[in-house]
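Have the structure open while you read.

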Amino acid sequence: MPVSTVISQALESRLGRYMMVAGAAASATVATQAAPITVILPTPVNVTLGYELDFDQNGSTEFFFSGSGSSAYACYFGTADVLIAGSFVQQLSEGASFGYSSTEWGGFGWMDVSQTTPASFLGIRFSSTFGGPARIGFAQFNGPFLYGFAWEEASSITTFDLQQSSSSDVPEPATGALAALALGALAVASRKKKQA
């Protein structure tokens with residue numbers, strides 16, 4: 001004898017509302033959690049040997065590093081700036097925030113490549129041949145070795161360790177909970193249709 005599950009109309013209505021809220025929250029989360037585009041190099045690059053950096057991977061170099069033994073000279077090709085402090089580039093720590101409109105931008109500066117721990121980051125802003133808004137990003141270093149970089153179309157960015165997985169790949173708990181409720185509501189609705 002099959003067991004029929006009867007739910008009250010109030011509960012069915014509540015589950016339906018949860019399902020709608022979960023769908024709206026999930027679609028809104030995709031747009032609001034747009035993470036910076038990150039590129040991790042397959043092999044770290046020693047910038048003291050010289051390196052051209054194409055941030056947005058469009059075939060056009062935005063930034064150039066020229067080597068000089070224990071330091072590197074970071075310069076631009078007319079489309080990028082680096083955060084500077086005097087004649088040196090600012091080497092930021094993880095979690096540092098900076099904005100596109102900061103006053104410390106300059107076209108070039110020396111970079112101290114002796115710092116191996118912790119990782120250091122260079123703040124870079126650039127325009128793209130793709131058009132659209134100006135871009136802001138950073139490059140992650142360990143001593144003279146460039147490990148990767150990240151950028152986005154935003155007015156500011158916060159440096160993070162590119163070699164660790166980004167927390168933005170994981171749904172926020174509230175969204176996950178709503179999604180679970182939505183799946184439960186779908187299961188109840190499906191079961192109810194089969195019993196009818």
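1. Start with Arg 135, which counts as buried because its relative accessibility is 4%; buried means under 20% relative accessible area, exposed over 50% and partly exposed in between, using a 1.4 Å probe and protein chains only. Keep in mind that this is a predicted model, where local features need pLDDT of at least 70, side-chain atom pairs count only at pLDDT 80 or more, and totals for chains, interfaces and linings use all residues. Residues are numbered from 1 along each chain as its sequence is written, and side-chain values use heavy atoms, with hydrogens and water left out.

2. Which residues does Arg 135 form a salt bridge with? One is Asp 56, with the closest N and O atoms 3.9 Å apart; the cut-off is a side-chain nitrogen of Lys or Arg within 4 Å of a carboxyl oxygen of Asp or Glu. This pair links distant parts of the chain, 79 residues apart: Arg 135 is in strand β11 (residues 135-142), and Asp 56 is in the loop between β2 and β3. Helices (H or I, at least four residues) and strands (E, at least two) are DSSP runs, numbered from the N terminus.

3. The other partner is Glu 153, where the closest N and O atoms of the salt bridge are 2.5 Å apart. Glu 153 lies in the loop between β12 (145-152) and β13, so its pairing with Arg 135 in β11 ties together parts 18 residues apart in sequence. Glu 153 is partly exposed, at a relative accessible area of 44%. Through shared partners, salt bridges join Asp 56, Arg 135 and Glu 153 into one network.

4. Back to Asp 56: its loop runs between β2 (51-53) and β3 (63-68). Asp 56 counts as buried because its relative accessibility is 7%. Asp 56 also sits 7.4 Å from Ser 128, C-alpha to C-alpha, though 72 residues separate the two in sequence.

5. The count for the model comes to 3 salt bridges. Another of them pairs Arg 125 with Asp 81, the closest N and O atoms being 3.1 Å apart. Here too distant parts of the chain are linked: Arg 125 is in strand β10 (residues 120-126) and Asp 81 in strand β5 (residues 80-85), 44 residues apart. Arg 125 is buried, with a relative accessible area of 18%.

6. Now look at Asp 161, in the loop between β13 (156-158) and α2 (173-195). Asp 161 is buried but has no salt bridge, and the nearest side chain of opposite charge, Arg 135, is 23 Å away. (Lys and Arg count as positive, Asp and Glu as negative; His and the chain ends are not counted.) What does the side chain of Asp 161 make a polar contact with? The partner is the side chain of Gln 140, at 3.2 Å. A polar contact is a pair of N or O atoms within 3.5 Å; within protein, one must be able to donate a hydrogen and the other to accept it, and residues adjacent in sequence count only if both atoms are side-chain atoms.

7. Finally, confidence: the mean pLDDT of the chain is 73, and 58% of its residues reach 70 or more. pLDDT is the predictor's confidence in each residue, from 0 to 100. Over residues 165-178 the pLDDT is below 50.

Note on methods. Lys, Arg positive; Asp, Glu negative; His and termini not counted. Contact = heavy atoms within 4.5 Å.
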